[in-house]
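User: Please take a close look at one part of this model, the helix packing and the core around it. Tell me what meets what, and give the cut-offs behind each term.

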Amino acid sequence: MGAGKYLSVFTPATEEQRKANFEDYWKFTQQHGGELFEDDKDLAKKRARLKYFQDNPVKLQKPLANPELFYRNYVEMQDDPKSLDRLTLMLTGMYKFARHEWVGIKGAWDSVPDMANSRTVEDKISRVHLAEEFCHVRLFDEMLKTCGLNKVEWVPLGPIKEKVYEQFPKFPSFLVDTPAFVTELMGVTFYCHLHALIEDVLADEPDVRDRLKELLDEITIDEVAHVGQRRNFIGSIGMKVSKVLVGPFYTMFFNDIPEVAELFDVKQMIKDGLAFDFNDLPEHMIERSWIPSYCIA
Ligand SMILES: [Fe+2]
Ligand SMILES: [Fe+2]
């Protein structure tokens, strides 16, 4: 941890700086994910990484006592969350978070230009960004499989919520950019807290604990880059709006996931989101991720 090496993600940037950073990000993202397989919503390097995990599986020494408890509660919580064991609760909560991500990108994939029709560097970046998000859902799926949960389905939200997610990317950019940035920031905050929770809940299962952390790291490395990239879309007024949105946004989103209140400290997540400056991330993640030049001290 190089305290002070990086600056707040809310650090102001000029128009020219942001333009140069889009170019830089575009270079980064092409080597980071490798070839884009648009028909499969996939990327070469991510696919290879997932295959490595699938080919070298690990499993719980002590399997989940009651997988039915997971299957009964993962899409909608049916039981009192307080009655679930922490591992099951962590897994159902993780699924619910990832499901929101999946629904959001599914809607966006069809409404943003594909690579052949991308005219600007921002369009191209956004296309690869979405492909990465689909890879994250596969990585989450692999995390659940690692815990013996092979029957997980990715269930769409109700028709009204699905429609909202589909329409959202078509809104004018000044309305889309701030919530899109805050959503990415919320992702990184959540994954950092989830990382700590995995350590704790799986303390007696070192193989699965380490594997879940490796899978999660693959996601978090991308998300850290997304935070900088989405921040780069935003001018000075939008940055002030973003800061105001962090608290209400996190609160609203996490209130919807009953597991979160049992397992996480939402107030601390809000504080961490507002204070986010890249400095607490381990070096091995920073090395593979991307940070805007104006956030480097
Ligand atoms: Fe993601
Ligand atoms: Fe993301």
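Analyst: Leucine 212 touches Met143, Thr146, Ile198 and Leu202, leaving aside residues up to four places away in sequence; contact here means C-beta atoms, placed from the backbone, within 7 Å. The model is predicted, so local features need pLDDT of at least 70 and side-chain atom pairs count only at pLDDT 80 or more, while totals for chains, interfaces and linings use all residues. Residues are numbered from 1 along each chain as its sequence is written, and chains are lettered from A and ligands numbered from 1 in the order in which they are written.

Leu212 also belongs to the largest nonpolar core, which has 64 residues. Such a core is a set of buried Ala, Val, Leu, Ile, Met, Phe, Trp, Tyr and Cys residues joined through C-beta atoms within 7 Å; a residue is buried if 20 or more other C-beta atoms lie within 10 Å of its own, exposed if 12 or fewer, and partly exposed in between. Leu212 is listed among the residues with the most contacts inside this core, together with Leu91, Met94, Tyr95, Met143, Leu144 and Leu185. Helices H4 (86-111), H5 (121-146), H7, H8 and H9 (236-255) each give two or more residues to the core, and H4 supplies the largest share, eleven residues. Helices are DSSP runs (H or I, at least four residues) and strands are E runs of at least two, numbered from the N terminus.

The axes of H7 (residues 173-201) and H8 (residues 206-231) come within 9 Å and cross at roughly 160 degrees. Axes are lines fitted to C-alpha atoms, for helices over the stretch in contact, with angles from 0 to 180 degrees between N-to-C directions. H7 and H8 are therefore roughly antiparallel (over 145 degrees; under 35 is roughly parallel, 65 to 115 roughly perpendicular, the rest oblique). Among the residues that meet are Leu185 and Ile198 in H7, and Leu212 and Leu216 in H8. By class, this contact has twelve nonpolar, four polar and seven charged residues; Ala, Val, Leu, Ile, Met, Phe, Trp, Tyr, Cys and Pro count as nonpolar, Asp, Glu, Lys and Arg as charged, and the others, Gly among them, as polar.

H4 and H7 pack at about 160 degrees with axes 11 Å apart, which makes H4 roughly antiparallel to H7. In H4, Arg86, Leu87, Met90, Met94 and Phe97 meet Phe190, Leu194, Leu197 and Val201 in H7. The contact of H4 with H7 has eight nonpolar, no polar and one charged residues.

Conventions:
Contact = placed C-beta atoms within 7 Å.
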